Amino acid sequence: MIQQQSKLCLGAMKLVQWQSVVRSVMRTSWPNSVKSRTLAQPYSTSPTVAQERKSSPNATSKTEQKKENPPGVRKTQTKSIPSELPNTKEVEAMMKVKALSSAIDISSTFNPQQCVQALKNLVVAKTRPLPLIQTLTERISGSTQNLNIKELSDLLFALGKLRHIHADVLSSTCEALKTQLKGTTNAAVVGSSISSLRNLQWKDPDLLDEYSIWIQKNFVKFQNPSTFIYTLALQNHSPPNLEDLLKLIWKRMSTSSSTELVNLVWSINVLNCPHTAEETRRALNGFFNQRFLKTLSSGPESVPVWIKLWNLQAVAKSLWGHAELDIPAAVKNKISTTLVKSDKAAMISEVTQLLFKDLDSNLYSANVSSNMGFPIDFIFCINKDMTAVPLHLATPDCIRLAVMIHSFHECCQPSKEPNGYRVFEMRLLEEDFKVISVPYHILGGGYAQVHSFFESALSSVAQKNKLL
């Protein structure tokens, strides 16, 4: 435990019972799949995937449709295993049992294809029994090479909807996709797998490169390639053929909606991509025209688009020195509500307790509006002696620091690096602040690790400003 002020310390460190700190912080940084409670309940409250896709020709009511045989699992005593459609009676039994242990017992004999189908059924049933999901994914682990590309895509879809990250399964699924991607022309399956990886925030740079090459070769078949650029932006990855791909995409954007255009320009700026600069600047300039803004909705579904426009306003100001964005009052209220993140409050509180003596509110300010569409987790100032200075007493020669703490849901896995949103936000802040990026896993490493992390970060800031 660090008890005395050191050279880079912000003040006498306040001693905190770290066991309680770790429990508080980690509860907010764990993924939903870890925090979720498992409920032993019947799984037959909703129709299965197969029932939604194919109903009986003689069906005349929803009740009769539910009686259709859903995809299932093979019986333990059957001699052969169907390669595509598992035994329907066994899956029906698994989805109806009330005891979770019984469902797990039934699933213990499933092959990989059956496990994928069972996971899809859980998605349709809108239930997330974690022990059963873990059993199914464990059975798939190490066997993804036995799945075809459609089944791999379905697996990613199910894991994304169930919000369940299994590192081994996702890694092996990505490896299998790299192998099978070259042999397919099915744009729908490829697009679905890309969307699922985006929702899971699972980043495999090599697979993203393979996707980019595939889309360029099959561009005519791929309906909305701009969504792939959006995926690249969220995962902060630029493939080698990005320039060629963007040239193709811009030619298709003339018939795109306003939302698609905003997403594309935002994505290009996130990637800090110099390619097609003329088209990007022309579109960016058009965003701040009242005629364009009137084409956007003011409903809840439009909030992400307005937040991106707010980000882009900062880009436009840096380019031209002026860019007006008249955000409707109703949208502003929705944006302010959207930007409040409850899981961040505990993380920010714990870090400030560790860094500032007696929680002196004059030394820092938390949840500060950036006026660019996102909050700054907290800001503070230091002088040339690396000592924190009250914000209202800061002089022009003081260093203004913005601390951005990234929760689990703001990071890509398995690298734990911040996603494209956070990377872009930190880049926008660099014009006025020195930014300290704090990944969530640092907060679980103990009092000394957090203190050491900030000492190193402040030392780096000092070196860059030639203060040491």
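Over the face of which residue does Lys308 lie? In this predicted model, Lys308 lies over the face of Trp266, at 5.2 Å from the ring centre.

**Trp266 and its aromatic partners**

A pair of aromatic rings is described by the distance of the centres and the angle of the planes. The count of aromatic pairs in the structure comes to 13. One of them joins Trp266 and Tyr421 in a tilted arrangement. Trp266 belongs to helix α15 (residues 258-270) and Tyr421 to helix α21 (residues 420-429), so this pair ties together parts that are 155 residues apart in sequence. Trp266 is buried, with a relative accessible area of 0%, whereas Tyr421 is partly exposed at 27% relative accessibility. Trp266 and Tyr421 also belong to one aromatic cluster with Tyr230 and Phe424.

**A pair between a loop and a strand**

Phe356 and Phe378 form an edge-to-face pair. This pair links distant parts of the chain, 22 residues apart: Phe356 is placed in the loop between α20 (342-355) and β1 (364-369), and Phe378 in strand β2 (residues 375-382). Both Phe356 and Phe378 are buried.

The geometry of the two pairs is set out below.

| Pair | Arrangement | Centre to centre | Angle between the planes |
|---|---|---|---|
| Trp266 and Tyr421 | tilted | 4.9 Å | 45° |
| Phe356 and Phe378 | edge-to-face | 6.3 Å | 80° |

**Charges over rings**

Besides the placement of Lys308 over Trp266, an arginine is found over a phenylalanine ring: the charged end of Arg252 sits over the ring of Phe219, 4.2 Å from its centre.

How values were computed: Residues are numbered from 1 along each chain as its sequence is written. This is a predicted model: local features need pLDDT of at least 70, side-chain atom pairs count only at pLDDT 80 or more; totals for chains, interfaces and linings use all residues. Side-chain values use heavy atoms; hydrogens and water are left out. Rings of Phe, Tyr and Trp (its six-membered ring) pair if their centres lie within 6.5 Å; planes under 30 degrees apart count as stacked, over 60 as edge-to-face and the rest as tilted. Helices (H or I, at least four residues) and strands (E, at least two) are DSSP runs, numbered from the N terminus. Buried means under 20% relative accessible area, exposed over 50%, partly exposed in between (1.4 Å probe, protein chains only). A charge sits over a ring if NZ of Lys or CZ of Arg is within 6 Å of the ring centre and within 35 degrees of the ring normal.
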